[in-house]
Amino acid sequence: TMEQQQVVDGIWQEYEQGIRKTYLLQGVTGSGKTEVYMELISRVIAKGKQAIVLIPEIALTYQTLLRFYQRFGDRVSVMNSTLSPGEKYDQCERAKAGEIDVIIGPRSALFTPFPNLGLIVMDEEQENSYKSESTPKYHARETALEVAELYGASVVLGSATPSLEAYYRAGRGEYRLFQLTKRLTGGG
């Protein structure tokens, strides 16, 4: 849609200029946030970079993963709590070797050792599951901002109902706010 294109163009224009920022994408349910994420990811990959997509564990559904696999094929990997330590290690080794471009998972996926990280997407950024209650305690949003800073990557925080912190930071100009106000008919 025109709205989706404006979001992608707005973020990508700054990316191409070497500007790395945090963006807050507020989109009503069914407005096509995932499609925006995938378009940005494909552009980042075309530049030889990798992407991390954070999704709350409960939202890591087969349907969501299928969309990413259909778009990016075997260059996508999933990191979640069902993997054994050995499987997680293998995923990290594949990431380090440049064999995968996109990792999808809950907050622990943030620590994927990509050599050329270009984008971090955090879907449903308001979710409480992004806060680690066990040691080491961290909030995935704050950690994502630090990781992005280290790698020179951009961050896209997406939500239908953004957290107060994200809204506050957008209001102060720390994040750039984009909005998708129209529901798509059908999938997307």
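# A guided tour, stop by stop

Start with two helices. Select residues 33-46, helix α2, and residues 62-72, helix α3. They pack at an angle of about 35 degrees, and their axes lie 11 Å apart. The axes are lines fitted to C-alpha atoms, for helices over the stretch in contact, and angles run from 0 to 180 degrees between N-to-C directions. Helices (H or I, at least four residues) and strands (E, at least two) are DSSP runs, numbered from the N terminus.

Before you go on, know what you are looking at. This is a predicted model: local features need pLDDT of at least 70, side-chain atom pairs count only at pLDDT 80 or more, and totals for chains, interfaces and linings use all residues. Residues are numbered from 1 along each chain as its sequence is written, and side-chain values use heavy atoms, with hydrogens and water left out.

**Stop 1: the helix pair**

Which way do α2 and α3 cross? The crossing is right-handed. A crossing is right-handed if the near helix is turned clockwise from the far one by less than a right angle, and left-handed if anticlockwise.

Now show the side chains. On the α2 side, pick Thr34, Glu35, Met38, Glu39, Ile41, Ser42 and Ile45. On the α3 side, pick Arg67, Phe68, Arg71 and Phe72. These two groups meet, where contact means heavy atoms within 4.5 Å. Colour them by type: 5 are nonpolar, 2 polar and 4 charged. Here Ala, Val, Leu, Ile, Met, Phe, Trp, Tyr, Cys and Pro count as nonpolar, Asp, Glu, Lys and Arg as charged, and the others, Gly among them, as polar.

**Stop 2: the whole protein**

Zoom out and switch to cartoon. The protein has 6 helices and 7 strands. Follow the chain along its sequence, and the pattern reads α-β-α-β-α-β-α-β-β-α-β-α-β. The radius of gyration is 15 Å, close to the 16 Å that the globule rule gives for 188 residues, so the protein is as compact as a globular protein of that length. That radius is taken over C-alpha atoms; the rule is 2.2 Å times the number of residues to the power 0.38. Along the principal axes, the C-alpha atoms fill a box of roughly 45 × 35 × 35 Å.

Of the 188 residues, 48% count as buried. Buried means under 20% relative accessible area, exposed over 50%, and partly exposed in between (1.4 Å probe, protein chains only). Among contacts with a separation of 6 or more, 78% are between residues 24 or more positions apart.

**Stop 3: leucine 54**

Select leucine 54, in strand β2 (residues 50-54). Is leucine 54 buried or exposed? At 0% relative accessibility, leucine 54 counts as buried. Draw a line from leucine 54 to alanine 109: they are 55 residues apart along the chain, but their C-alpha atoms are separated by 6.9 Å.

**Stop 4: the loop between β5 and α5**

Move to the loop between β5 (117-123) and α5 (140-151), where proline 136 lies. A cis peptide bond joins threonine 135 to proline 136, with omega about 0 degrees. Glutamate 124 is found in this loop too. Phi of glutamate 124 is near 55 degrees, a positive value in a residue other than glycine. At 23% relative accessibility, glutamate 124 counts as partly exposed.

**Stop 5: alanine 97**

Next, select alanine 97, in the loop between α4 (85-96) and β4 (102-105). Alanine 97 is exposed, with a relative accessible area of 52%.

**Last stop: tyrosine 167**

Finish in helix α6 (residues 164-171), at tyrosine 167. Its relative accessibility is 34%, and tyrosine 167 counts as partly exposed. What does tyrosine 167 contact, leaving aside neighbours within four places in sequence? Look for Leu24, Gln26 and Pro162.
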